Amino acid sequence: MGVFRHLPLLLLLILGTSGVFIRATAPPYPALLDLPRTVNVSENAPPGMSIAEFILNCTHLNSNISVTLQSVTPPTAFFNPPAISPSDTVDKGYSIKITLSPAAALDARQVNQYTLVLQAQCPAEELVETQLFVQVRPEDAAPQCMGKFASADGDLVEVPENVAPLLPIYTVILQRLVCGLRFTIEDNNSPFSISSSGQVLAPETGFSLRHHNQFRLQILVTDRRGRNCSGILKVQVLHVHQPRVNFTVPWQAVMVQENTGPMQRITEVSASGDNVRYKIIAPAFHRLYTINSRTGEIRNTYNVDLGQFPEAAYTQLLVQAYDMLHPSDSATMMLNITVLKANVLAPRCSPAVFVAQLPETTPIDRTLMTLTCMDPDVSNSSLHYQVEGDQKSRYIFRMKGHQLQVNATLDYDSESIAAAGFQYVATILVTDSRQPSQTTSVSVLVTVTPVNEYPPACPVHSTFSVREDAAFGYVIGFVNGTDWDYPFNSIIYSLIGGAGGSLPAFYIGPRSGRICVLRPLDYERQTTYHLTVKLQDVHNDVDPTFQRSVSCSITINVQDVNDQPPVCQPMIKELSIYSTLAPSQPVTYLECSDYDRSTVLPLCYTIVGGNINGRFHLRGNTLYHNHFSYDPDGIVDPLTFELLVEVLDSCSPPHHSTTATVIVHVIPWATTVPTTSTLLTTPRKEPLVITRTDYFWEPTPWFMVVLTISGILLLAALGWLAWGLLCWSIRREPTQLLLQDRSLPHTASVKREKGDLHDLSKEMDSSSILSLGQFDGRAQDPLTGREYLFNSSTGARRWT
C-alpha cells in the first residue's frame, strides 16, 4: 500500500518531466503584435486604402515566411491578401499591411463589421492564427433629392394600364442613400404605394375604369433626424388593347422515363396573349406534377418511380392559360403524360474528379489514375470507358482498361496549350451495357508545369559598328539571343567584366538586349571593344531559382570620323633670309600633321594672307620666294612678310582647317654672301577654326505636289460655289410663275367653254392677284409626296 500511495505523485512527476521536455523541444510560435484588435474604417474608404498594419516577429529572419488571409466573415472579396515587407522598427520583424481590394464597396447599412482570420508561420515555427475586426463607420448625411423629381414640374413616367400589380414603376433617386429613410406619398388618394427603398409600386389590383388617366404624386423623403426632401412624380396611364389568350396547340402528349429525379422538366405549354399565367385545373388534387405559372414549364414534384406510384404510368392534365389582369380571358388544353420504365441508375466511379500536376517531361504510357466503377443496378454489367475532350486534350490521354494513361507528349512549348493556361481538360465517359444506357462522367484536369531544359543560345550576328561621334544613348544594335523553353526567348542580358574602375563605354538593356553608347568614344584611343554578354533565361521552370545561362562574345568596331583640324609645329614660325637667296632654294618647311585619320592623307597648303606683291609661293609644305625688289626708283618690297598659311586636312570637302603664321624678315644684300636662316621658337598657339554656314531653302518634292493639289481643290470649290449661286437664281423665277398659274380658280375653265373670253381674262387677272395674297408658302405632303400651297395665317391649303 505504501508503494501505491505514492503512485499519483510519481505520475505527476513523470507528466511534468515529459511536459518540460516537450516544451523544450517544441518549436517556438511567431508573435503577431497588436492582434487581435479592432479597426474603424469609413464606408467611403477608396479601394487600395490601407486599413490595418501590424508586426510579425519571427525568431529567425527568412524570406519564406507565410501570412495568409484564411477567411472573412461575412464572406467578401473587399480585402487584398496581406502584403509583407521587412520592418524598419522591430528587429527580426516583418510589417504586415491589409488593404482594400479594387472591388471594395463598403456599406455600413449592409455589413457594419467584418472578421478577418489571419494565419502566420515563420520558418521552423508553429502556425499561429489570430483575428482582425474591421468595423465599417457609416457617414450620416441629410437626404437630397435629385434630377427632374426635385424640380417644380416634377418627373413624368408612363405606364400601360395592364401593368402587373405591385410592379415597381419608378425609383426615387437621391444624391446618396442614407440609412433609415422613410418614403411617404402625401395626400395619397391614388392607388399607388411606395416601398421602404423608394420604389413607387403599381396598384395592387391593377388599373380599373374608375381610375384617372393621370396622377400627381407628392413624395416626401425623411431621415431619422427629421430632415427631408420632396419631389413630384406624374404618372400617365396608357391604354392598352387586350388580346385574347389562346393555346398554340389544343392538346399534347409526352413520354418520359421513370426515376429521372425530382423537379425534372417534362414539357412546356405555350399560349398567346399578354400577362399570360398558367395553372393545372384538373385533376383537382394532383401531386406528381407542377407548372410554372409564368413560363408554362411542367416538372415532376417527386421522383416518378412506377414501383412506388403505379398510377403515374398514365396521367391526363387539364391546363388553363389566363390573363393575369383579366382572369376571365382564358383558354384550356389537354396534356397526356406517359411514364416509361427504364434503367435509371448510372455507374458510380471513384474518384469522381481527377486533378493533377505533371511536368512537361512526363513520359508516354505513364499511368496517371486507376478508375474504380460499378453499376448499382446490375453487378455483372460490363462498362465501357472513353476519353472525351476538346481538340487539344482529346488525344493527350487514353484509357487502357480502367487506367488513365499519357498518350502523347505534354508539350509545354505549344502555343495552343499556352492559350488554355497550360491545362488539359478532359472527361472520361463510363457507360453501362443496359438499355437505355446510362453514362457517368469523370472530370480530368491536368496542369502541365514547365521544365527548364535548354540553355539560351548566342546570336548569330556578334559584330557591330559605331561612329566615334555617336551621342549618349545611341543604339548600336541588339543582341538577339534565343531560348527554346516557354515562354520563348525570356532572357535577361548583362555585361560581364569591364575596364577596372573606369566608366564602361556601353550599356545593354536587361530585357531587350539593346546595346547603347554610355560614354564618348575616341577612335584614336581605341578602335575595337570586345565585350562578354551573359544570357540568363527566366520564368522557364516551376522552380524560379533554376535558371540556365550562357556567355557570348561580341565585337564593337569604332569607325573613324574626321572631327579634328590639322596641327602644325610650331604654329608661328619666324625666320630671316637675305634678299640674294636663290628662288630655287626653299625658304622653310611647314611641319603639319592630322592625328584624326587612320590612313595618312596629303594635306593642302594655301597662302591666304600677307603675301605682298606675290613674293612667296608654296609647293606642298615647302615655301619658296620670287625675286625681291628694293629699287628706290621702282617697287620697294617690305623687309618683313607675315604670311598666313591655311592648312586643310583634305583637298576636297568636307574638311577641317588650321592657319599657321610664317614671319619672314628679308635682309637686303648686294653681295653674294650666302644667307642663313634663323629658327625662332615661339609659343604654341591653339588653331582657330572658322565655321561658316550658308542657309538656303530647297523645297522637297512632296511639298510641291501638296501645293499643286491644294490649288486644284481651291479652284474646284470656287467653281462649285459659282455654279450653285447660278442655279439658285434660275430656280426662283419658275417658282413665282408656278405659284401664279396654279392658283387660278376652276371657274376660269368653265367660262372658257362658254366663250366669255373677256370676262375670263379679267377673272384670271384678279384670281392671280387674289391667289398671291391668300397663299404665302409651299410644302410637300409626307404621305403622298404631292406639293401644296398654304396660308400661314389662316391655315388654308391647295393642292398643286
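**A cavity and its lining**

Val 256, Gln 257, Thr 260, Ile 266, Tyr 289, Asn 300, Val 304 and Val 339 line the largest cavity. This is a predicted model. The lining divides into 5 nonpolar and 3 polar residues, with no charged ones. The space inside is about 40 Å³. With a threshold of 30 Å³ or more, the count is 1 cavity. Rolling a probe the size of a water molecule over the atoms shows where empty space is left.

Now turn to two asparagines in loops. Asn 452 sits in the loop between strand E33 (439-449) and strand E34 (463-467). Asn 540 belongs to the loop between strand E39 (528-537) and strand E40 (549-559). Are they buried or exposed? Asn 452 has a relative accessible area of 2%, so it is buried, the cut-off being under 20%. Asn 540 is also at 2%, and therefore buried.

Leaving out residues up to four places away in sequence, Asn 452 touches Asp 485, Asp 537, Asn 540, Asp 541, Phe 546, Gln 547 and Arg 548. With that exclusion, the partners of Asn 540 include Pro 450, Val 451 and Asn 452. Others among them are Asp 483, Asp 485, Tyr 486, Pro 487 and Ser 490. The side chain of Asn 540 also reaches the backbone oxygen of Tyr 486, at 3.1 Å.

Tyr 486 leads on to the backbone. A cis peptide bond joins Tyr 486 to Pro 487, with omega about -5°. Pro 487 lies in the loop between strand E35 (475-478) and strand E36 (491-496). Another cis bond runs from Gln 569 to Pro 570, where omega is near -5°. Pro 570 is in the loop between strand E41 (567-568) and strand E42 (572-578).

Positive phi values come next. Leu 166 is not a glycine, yet its phi is near 60°. Its loop runs between strand E9 (155-160) and strand E10 (168-171). Leu 166 is partly exposed, at 42% relative accessibility. Asn 275 has a positive phi of about 55°. Asn 275 is in the loop between strand E19 (271-272) and strand E20 (276-282). Its relative accessible area is 22%, so Asn 275 counts as partly exposed.

Finally, confidence. Mean pLDDT for the chain is 80, and 80% of its residues reach 70 or more. Residues 1-27 have pLDDT below 50, and this stretch has 3 contacts beyond near neighbours in sequence. Residues 737-773 also stay under 50, with 27 contacts beyond four places in sequence. Where pLDDT is low, the predicted coordinates should not be read in detail.

Definitions and conventions. Residues are numbered from 1 along each chain as its sequence is written. Side-chain values use heavy atoms; hydrogens and water are left out. On a 1 Å grid over the protein atoms alone, a cavity is a set of points where a 1.4 Å probe fits but cannot get out, and a pocket is an open set with protein on both sides within 12 Å along at least five of seven lines; lining residues have an atom within 4 Å of a point. Grid points are joined across faces, edges and corners, and a volume is the space filled by probe spheres set on the points. Ala, Val, Leu, Ile, Met, Phe, Trp, Tyr, Cys and Pro count as nonpolar, Asp, Glu, Lys and Arg as charged, and the others, Gly among them, as polar. Helices (H or I, at least four residues) and strands (E, at least two) are DSSP runs, numbered from the N terminus. Buried means under 20% relative accessible area, exposed over 50%, partly exposed in between (1.4 Å probe, protein chains only). Contact means heavy atoms within 4.5 Å. A polar contact is a pair of N or O atoms within 3.5 Å; within protein, one must be able to donate a hydrogen and the other to accept it, and residues adjacent in sequence count only if both atoms are side-chain atoms. pLDDT is the predictor's confidence in each residue, from 0 to 100.
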